[in-house]
Structure formats: structure tokens, C-alpha cells
Amino acid sequence: MKKTINQKAWFMVLPVLILVAFSAVIPLMTVVNYSVQDTFGNNEFFWVGLEWFEEVLHSERIHDALGRQALFTIIILTIEIPLGIFVALHMPKRSGLWSSLCLVLVALPLLIPWNVVGTIWQIFGRVDIGLLGYMLDQMGIDYNYTQNSFAAWCTIIVMDVWHWTSLVVLLCYAGLKSIPDAYYQAAKIDQASRWAVFRYIELPKMKGVLLIAILLRFMDSFMIYTEPFVVTGGGPGNATTFLSIDLVKMAIGQFDLGPAAAFSLIYFLVILLVSWVFYTVMVHSDTKDMS
Amino acid sequence: MAKITLKNIAHRYAPNSDYALKPINHVWDDGAAYALLGPSGCGKTTLLNIISGLLTPSEGNVLFDDQNITDRNTAERNIAQVFQFPVVYDTMSVRDNLAFPLKNRGHDTAYINDRITEISRVIGVEDILFQKAQGLSADIKQKISLGRGLVREDVNAILFDEPLTVIDPHMKWQLRTELKALHKNLGHTMIYVTHDQTEALTFADKVVVMSMGEVVQIGTPKELFEIPAHTFVGYFIGSPGMNVLPTIIDGNKAMIGQHKIVLNRDYKGLKGKLELGIRPEFVTLTNNPQDLPVKINRVEDVGHYKIVRATLNGHDINIILKEETEISGDMNYVSFDKSHTNIYADDWLVTP
């Protein structure tokens with residue numbers, strides 16, 4: 001049979017191409033466009049090449065923000081992942097009213113809009129009217145997130161843990177639910193300890209969902225903006241100015257579109273790179289043979 | 001190894017609910033191979049889990065030799081169990097999988113190495129000892145699950161819960177043969193749960209047939225075939241199963257509709273629903289008008305024999321004929337082999 005060549009099918013992907021162009025490519029290209037030019041307003045632009053990129057890469061201010069950002073992400077990952085696993089392990093396994101209730105309770109923080117979460121904690125932590133802040137103050141602890149950077153960090157970390165551990169719990173719980181009873185029974189017969197059951201049955205079976213949990217939590221926390229912005233506004237000083245907050249300050253506060261665009265692109269590449277590394281490492285550790 | 005005694009064992013999953021397992025008394029001889037046979041939901045897995053200690057019976061006691069172990073947990077009972085789906089520890093190598101139960105019990109390395117060398121030879125995984133268990137085929141995983149039971153020299157019994165369900169048909173046959181050989185060589189008490197009669201009959205010395213939470217018969221394959229103790233055993237074992245026909249008994253005569261059959265002994269004082277059971281193998285197709293008239297509906301040739309599907313007095317009846325038997329148009333009568341004709345009252349065999 002002779003094959004007829006018909007390239008009309010390409011038109012079928014046209015709608016998607018247009019959609020993606022408007023939703024991703026064109027905005028991104030605008031940013032690329034800004035990142036290599038300078039403007040003084042009046043819609044006049046001057047070509048500056050890679051100058052902004054060099055400036056961003058050598059900027060101490062951005063280095064500091066990146067450091068704070070990395071520290072924040074590492075802290076919340078080291079708290080949320082083990083805590084999420086721990087909570088998931090203690091959720092009722094059998095379906096019923098009790099487990100549904102637990103699921104609803106756990107899922108609740110995920111349903112609250114981000115700026116509302118920020119507002120809740122902003123008020124909760126206030127020394128004058130907030131339950132938490134007032135109580136800590138009464139106990140003689142110097143807690144004031146508007147003046148003390150340690151207190152500000154604690155507030156934001158606790159807030160993030162409160163808001164997002166649920167995601168890890170739900171994912172892990174789904175992973176745990178998929179383990180057939182026979183595994184636990186076999187472990188009993190093999191006289192495996194509780195730790196061995198976790199290490200050799202539960203953890204390997206949760207691996208897939210944990211990978212997704214870590215990736216999602218990494219990406220989200222690395223881009224965190226709304227909640228710290230509402231609670232501390234990046235302060236006191238620059239103590240809680242994370243990358244996104246700094247970026248917005250630069251782009252909208254100072255109207256430095258060029259450097260902000262360069263910063264955005266580098267920011268984007270960093271997230272992409274780290275996510276890719278995470279993914280590759282975790283997927284590959286799976287297929288390696290033991291010897 | 002041990003003799004396992006079930007004393008008045010019964011189980012309900014919730015108080016006041018129906019019995020999932022009706023009261024049973026049975027002694028499982030040391031070193032014998034048993035099969036627990038029954039359809040899904042008949043309580044065979046419940047019974048198995050009671051023996052293995054994964055489930056505590058709501059009534060009765062389990063004895064290993066003469067020791068009451070009803071309240072002991074699975075590990076203390078020292079049994080091995082192979083499940084329907086292969087359970088292996090994916091992240092461990094095949095070797096570590098086999099070593100796991102021994103390590104957990106605190107054996108020293110030299111002993112563990114010896115045992116692994118021996119068992120890996122028995123189950124045929126010497127070549128892949130250092131491979132990761134993940135990604136192996138289902139039959140090898142199932143062998144590893146079995147191996148984890150076998151490495152412990154002192155296991156009291158090995159329990160199998162439909163272990164060949166996920167195995168390819170051609171591997172099933174091979175694994176079953178290997179299990180049988182293992183039983184011969186190692187002499188463990190083995191209890192094998194299945195809903196497949198071929199599996200049960202080929203594997204076991206004695207088959208325990210269960211239906212609706214009740215043990216209906218325990219016997220050798222021959223006994224189950226020739227004298228089913230319950231109509232269920234008759235239906236369930238054999239292909240096609242036993243013919244069961246409503247009847248009226250008068251002394252040594254059974255009436256099926258207007259037709260009379262002479263039995264080989266007298267029956268007296270029978271009550272309840274009476275039925276006559278005869279296996280298709282013991283029914284002969286004849287052209288003798290003295291015999292019972294049947295209407296033949298169709299003949300199925302399954303290769304090495306023929307199955308005749310017929311109607312006798314409004315009831316379906318199956319007849320098995322040898323492959324070479326010629327069926328002529330006037331063969332519209334059947335006769336029953338007297339010595340293999342059984343009478344059932346309320347589904348249970350009437351014994352002298």
C-alpha cells in the first residue's frame with residue numbers, strides 16, 4: 001500500500017499552541033525582552049546585553065535573599081516531610097466515620113486562601129490582641145515578630161508547617177492505604193520490628209508519593225510570597241525577605257524592570273534545575289542494582 | 001513441626017453476627033499436606049488466619065501439639081504463610097529477603113549463610129541472590145515468599161493462601177509440582193487454601209471442603225469423589241459435578257417421578273428433603289426400555305470423553321461417556337451404578 005503524505009494534522013495542534021503561547025511563551029518572552037534592555041520610561045528601551053544578569057548574579061542583596069530562601073525551604077522540608085509521614089502513620093487506616101473526620105480536619109488548612117492564612121497568623125501572633133502573641137508575652141517570652149527577626153522566622157515557619165504539612169499527610173496517607181494487608185501480616189510472621197516495617201514496607205511503598213510531596217513542597221516554598229508578605233512584609237529589616245518578596249520590591253517598588261526580569265529568569269532556572277536534580281536522583285536511586 | 005488441633009473453633013467478625021466460620025473440630029496431622037477447598041467467601045481464609053494467628057477466634061482453642069496457643073501471636077506460633085499476592089521486601093536483595101526472618105530472630109551470620117545457601121538451592125534462586133527483589137516476575141517473588149518461610153528450620157506449619165492466583169498457567173503447574181516435592185523432602189505440615197479443585201486434589205493428601213463457613217467433608221480425593229458427604233461436595237468436585245435428583249425413598253427403592261430405581265440397601269426413617277446423588281461417570285446410557293427414560297439435549301465432546309446433557313423427569317442430568325462410545329438414536333435410557341448411588345437427606349449423605 002502506498003502511504004499518502006498528509007500534514008494537515010498539524011493544524012489540529014494549533015489551538016493548543018495558541019493557548020500555550022498566550023499563557024506561557026509570550027509572557028516569558030516579554031520578561032526575556034525586558035531582561036536585556038534598559039528603560040527610563042516613555043516606552044524607550046536601550047539594549048544592554050547581559051549586563052542585568054551580571055548585576056543580579058553579583059548582587060549581595062540577592063545573594064542574601066537566596067540564602068534566606070534556601071534556609072527557609074530546608075527548614076520547612078525537614079519539618080514537614082517527617083511530620084507529615086508521622087501523622088499519616090497515625091491516621092486511622094480503616095475507612096469509616098473516624099477516618100473521614102480525620103481527613104477533613106487534616107485537609108482544612110489546605111482550603112484556606114493564602115492571604116487569609118497570612119492574616120490569621122498575623123493576628124494570632126500579635127502581642128496586643130493575638131492569642132498566641134499575648135500568651136507568650138504573658139509567659140515572659142520576648143516574642144514580637146515585628147521587631148525580633150527570630151520571632152518573625154518562627155512565626156513564618158510555624159505558619160507554613162500548619163498550612164502545608166497536610167499536603168504531605170494526605171499524599172503519604174494515600175500511599176499507605178495502597179499497601180495490602182498481606183505485607184503487614186508477612187512482616188508479623190517474619191517477626192519484623194515496627195521500625196523494620198516502616199523501613200522496608202511503608203517507606204518503599206510511599207516513595208512515589210513522597211517524591212511528589214517533596215517536589216511540590218520544594219517548589220511552593222521556594223516561591224513563597226503571600227503569607228510572609230501579609231505577616232511580616234519581609235521584615236523586620238530584610239530578615240524575612242525571601243526571593244519572591246525581593247523580586248516584587250525590585251520590579252514594582254523600585255520599577256527596575258530590567259534587573260527584575262533577569263532576576264526572574266535566574267529564579268525560574270534555579271527552581272527548574274533543583275527540581276530536575278531532585279527528580280533524577282530519586283528516580284535513579286530506584287533502579288540501581290545492589291551488589 | 002507439630003500436630004495442630006482445632007477445638008470447637010468458631011468465628012464471628014462482630015458479636016451477634018452470623019458465623020463466618022461455624023464450629024469445627026479437627027486435628028491436622030504432623031507432616032501431612034492438606035488442602036482447604038471452597039468457593040470464595042466460604043470461610044477458608046478465616047480458618048487459615050485462625051491457625052496462623054493473624055485472627056483470634058471468637059470461640060474455641062487452637063493447640064499446637066498439646067499446647068494451647070490460641071492467644072499467642074503469629075511470630076510466637078512459628079508458622080510460615082504464603083499469601084495470594086507475592087510479598088517481598090522490594091528494596092532488599094533476594095538474599096536479604098531470605099535472611100530477614102532469621103536476622104529478626106537474632107541468628108548468627110554463619111547460620112544464616114548456611115540456611116540461605118540451602119534454601120536458595122531448594123527454591124532455585126541461587127543465580128539471582130544479589131539481585132534486587134523489585135522487578136522480578138510474580139512466580140519468582142512467590143518462591144521468595146515461600147523461601148522466607150522455609151529458611152526457618154523449626155516452622156510448625158506452612159500455610160498457603162491461594163498462592164498461585166497471580167502465576168501464569170504454565171508456571172502454576174510447575175510450582176505446584178515443586179511444592180509437592182518440597183513437602184516430600186522437608187516433611188512440613190502444609191495447609192493449602194484454594195478454590196481450584198485441581199490444585200487441591202493434586203496437592204493434598206487430605207482435602208477439607210468448606211461451604212458457607214462450614215466444613216462439609218474432610219477426606220482423600222478418592223473419598224470426595226466417590227462418597228461426597230454433602231451435595232455441595234458433589235457439585236463442587238468433579239467436572240461436571242454430581243447429578244442430584246429429588247427422590248422418594250421406600251425401603252430399598254428410590255422413586256424419581258414415576259420411575260423406580262433399586263438401591264443396594266434399605267433406608268429407613270428418612271426425613272427432610274431427599275435427594276439421590278450419582279456422578280456422571282457412574283451413569284450409563286442404554287437402549288433398554290426397562291431403564292430410566294431421558295431426553296438428550298446435546299453431546300459435548302471434550303476430547304478424551306463425551307458429556308451428554310440430558311433431561312430426566314424434568315431435571316438436568318449429565319452423563320460421561322468414553323470417547324469411543326457410539327451413541328445411537330435409540331439410546332434414550334440411563335441406568336445408575338448401584339454401588340455409587342448415594343442418598344442425601346437435607347443435603348447430607350445418609351450413612352448406614
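**Exercise 1. Find the strand that holds Leu349(B), then list which residues Leu349(B) touches away from its sequence neighbours.**

Step 1. Look at strand E22 of chain B, residues 348-349: Leu349(B) sits there. (Strands are DSSP runs of type E with at least two residues, helices are runs of H or I with at least four, and both are numbered from the N terminus.)

Step 2. Skip the neighbours within four places in sequence, and Leu349(B) is in contact with Ile227(B), Pro228(B), Ala229(B), Asn342(B), Ile343(B) and Tyr344(B). Contact here is heavy atoms within 4.5 Å.

A quick word on the ground rules. This is a predicted model, where local features need pLDDT of at least 70 and side-chain atom pairs count only at pLDDT 80 or more, while totals for chains, interfaces and linings use all residues. Residues are numbered from 1 along each chain as written, chains are lettered from A and ligands numbered from 1 in the order written, and side-chain values use heavy atoms, leaving out hydrogens and water.

**Exercise 2. Work out the strand order of the six-stranded open sheet in chain B, and say which strands stand at its edges.**

Step 1. Trace the order E6-E7-E8-E3-E9-E10, with mixed pairing. (Two strands pair if DSSP finds at least two bridges between them.)

Step 2. E6 (80-82) and E10 (214-219) of chain B each have a single partner strand, so one side of each has no neighbour in the sheet.

Step 3. Zoom in on E9(B), residues 206-211: five bridges join it to E10(B), and the two run antiparallel. Met210(B) stands opposite Val215(B) in E10(B).

**Exercise 3. Describe how chain A and chain B meet.**

Step 1. Count the partners: 21 residues of chain A are in contact with 25 of chain B.

Step 2. Look for salt bridges (a side-chain nitrogen of Lys or Arg within 4 Å of a carboxyl oxygen of Asp or Glu). The rule finds two across the interface. Asp190(A) and Arg148(B) meet in a salt bridge, at 2.7 Å from N to O.

Step 3. Check the helices: H8 (181-189), H9 (194-222) and H12 (257-287) of chain A each supply at least two residues of the side touching chain B. H8(A) gives the largest share, seven residues.
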